[in-house]
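User: I'm new to this one and would like to go through it piece by piece. Could you show it to me before we start?

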Amino acid sequence: MPTEDQDRTAKLALEDGTIFTGRGFGAAGTTEGEVVFNTSMTGYQEILTDPSYAGQIVTMTYPLIGNYGINRGDVESKRPQVAGFIIKELAPLFSNWRADTSLDEYLKQHNIVGMEGIDTRALVRKLRIKGAMNGVLSSEILDDAQLLERAKKVRDMSGADLVKEVKPSHSYGWDEDQGTWKGAKVERGDGLHVVALDCGAKMNILRNFSDRGIKVTVLPPDTPAAEIMKHNPDGLFISNGPGDPAAVGYTIKSLKQTAGKIPTFGICLGHQLLGLALGAKTYKLKFGHRGGNQPVKNLDTGRVEITSQNHGFAVEKSSLEKAGGIVTHLNLNDNTVEGFRHRELPVFSVQYHPEASPGPHDASYLFDAFVEMMKTKKPPTGQRLKELQSLRG
């Protein structure tokens, strides 16, 4: 049963004129952004705190959310990053020995507007058919016409540089590993130094580097190439992040200047930025890939990886190949590019999240491939990727 506080009405207005009416939870208020959906069955806490969701109202397709509460350990950044949160049903009680608070209270603490009690199947079906669209979520403004007028004025995701809203203001070091969640087999990188450009990095990516004994220096994504080189890194990493990759010109400029000079690995937005820096093009997907069950084929090994993903843009295949990229991974749902390596330069990247959080660990071997690339100064061969993946089972 909803609490007295959750009896308050909330509404979602989409730019196409659709209105959904439900119950508010979390913070009272009004928020706006691109409305997207995530198909993960668990991991709502990591999803909420993933900086790649900045500027987006996230809808969960799994119907019951909040049943294991919120804990301080399973976060991907210091606070929730979503613009709003929509679910079918908020669990009235939470039960987990690691939990510190409820989902409802957590969103209140961080001023995130939530809504439950709508038919999320209908909303997701609309987004799949028409594509992700802008919307306004409110427990204050309940006049349909007023909400619709505001929804039509929401900033479009195409052309939006949201990295500047989540990027760090200064450099910092990182030494936290995965602790009890640490993997059994890893390629050690003791003595190696990685510079990571933080475009909205998930913490678990950085934890994977620490697991391998790598020294990590994190820099803002607008750090000039000359400053990056002053750190004398063995490898350069470009993180995930929100918004349109083509709008992040300052990072693209730096990557153009460092290409070939440092072994480089990118994940998600980092994959797109590397593609752009090499001369490829990017484009917006209809409704994106968001969830922990995306099938990706590794073209080198012939194996299918079930992957965790969160992105709304992709790298164009033909322009990537013209720029010297070799496609290594394809999404089996729509054949979009999910990974590439450069034909000559020590550069490779993937569109999905090998660190999971939440999700499967099929692709964690890619961190081992990066460690090897830092040692050899050469892009990983298909045969070596196959061997590294086999070591992971």
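**Walking through the model**

Analyst: A residue to begin with is Tyr62, which is partly exposed, with a relative accessible area of 32%; please keep in mind throughout that this is a predicted model.

User: Ok, and where is Tyr62 found?

Analyst: Tyr62 sits in the loop between β4, which covers 56-60, and β5, which covers 64-65.

User: Which residues form a nonpolar patch on the surface with Tyr62?

Analyst: The patch is made by Met41, Tyr62 and Leu64, and together these three have about 270 Å² of accessible area.

User: And what separates the C-alpha atoms of Tyr62 and Leu255?

Analyst: Their C-alpha atoms are separated by 38 Å, and the two residues are 193 residues apart along the chain.

User: Let's switch to sheets. Which strands make up the closed barrel?

Analyst: The closed barrel has seven strands, running β1-β2-β8-β6-β4-β3-β9, and its pairing is mixed. On average, neighbouring strands of this sheet are turned by 35° against each other, with direction ignored.

User: Remind me, how do strands of a sheet pair?

Analyst: In general they pair through backbone hydrogen bonds, and the pairing can be either parallel or antiparallel.

User: What about β6 and β8, in which sense do they pair?

Analyst: Strand β6, residues 84-86, pairs with β8 in the parallel sense, over three bridges. Phe85 stands opposite Gly114 in β8, while the bridge partner of Ile86 in β8 is Met115.

User: Which way do the residues of β8 point, and are they buried or exposed?

Analyst: From strand β8, residues 113-116, Val113 and Met115 point one way, whereas Gly114 and Glu116 point the other way, and all of them are buried.

User: What is the order of strands in the open sheet?

Analyst: The open sheet has ten strands in the order β10-β12-β11-β13-β14-β19-β18-β17-β15-β16, again with mixed pairing. Its edge strands are β10 (172-174) and β16 (304-315), each of which pairs on one side only. From one strand to the next, the twist averages 25°.

User: Pick a pair inside it: in which sense do β18 and β19 pair?

Analyst: Strand β18, residues 337-342, and strand β19, residues 347-350, pair in the antiparallel sense over three bridges. To give a residue from that pairing, Arg341 has Phe348 in β19 as its bridge partner.

User: Moving to charges, how many salt bridges does the count come to?

Analyst: The count comes to 23 salt bridges. One of them is formed by Lys126 with Asp16, where the closest N and O atoms are 3.4 Å apart. Lys126 lies in helix α3 (residues 120-130) and Asp16 in the loop between β1 (9-14) and β2, so this pair ties together parts that are 110 residues apart in sequence.

User: Is Asp16 buried, partly exposed or exposed, and what is its relative accessible area?

Analyst: Asp16 is partly exposed, with a relative accessible area of 31%.

User: Where do Lys108 and Asp104 lie?

Analyst: Both lie in helix α2, residues 103-109, and they are four residues apart, about one turn of the helix. Lys108 counts as partly exposed, at 32% relative accessibility, whereas Asp104 counts as buried, at 10%.

User: And what does Lys317 form a salt bridge with?

Analyst: Lys317 forms a salt bridge with Glu321, with the closest N and O atoms 3.0 Å apart. Both lie in helix α10, residues 317-322, four residues apart, about one turn of the helix. Lys317 is partly exposed at a relative accessible area of 37%, and Glu321 is partly exposed at 33%.

User: Last topic: how many residues does helix α11 have, and what does it reach from its first C-alpha to its last?

Analyst: Helix α11, residues 365-376, has twelve residues and reaches 17 Å from its first C-alpha to its last, close to the 16 Å expected. The helix is mostly covered, since ten of its twelve residues are buried, including Tyr365, Phe367, Asp368 and Glu372. Just after α11, Lys377 takes a positive phi of about 65°.

Technical notes: Residues are numbered from 1 along each chain as its sequence is written. This is a predicted model: local features need pLDDT of at least 70, side-chain atom pairs count only at pLDDT 80 or more; totals for chains, interfaces and linings use all residues. Side-chain values use heavy atoms; hydrogens and water are left out. Helices (H or I, at least four residues) and strands (E, at least two) are DSSP runs, numbered from the N terminus. The expected span of a helix is 1.5 Å times one less than its number of residues. Buried means under 20% relative accessible area, exposed over 50%, partly exposed in between (1.4 Å probe, protein chains only). Patches are made of residues with over 30% relative accessible area and no salt bridge: like charges are joined within 9 Å, nonpolar side chains (Val, Leu, Ile, Met, Phe, Trp, Tyr) within 5 Å. Accessible areas come from the Shrake-Rupley method with a 1.4 Å probe; for residues, only the protein chains shown count as cover. A salt bridge is a side-chain nitrogen of Lys or Arg within 4 Å of a carboxyl oxygen of Asp or Glu. Two strands pair if DSSP finds at least two bridges between them. Axes are lines fitted to C-alpha atoms, for helices over the stretch in contact, and angles run from 0 to 180 degrees between N-to-C directions.
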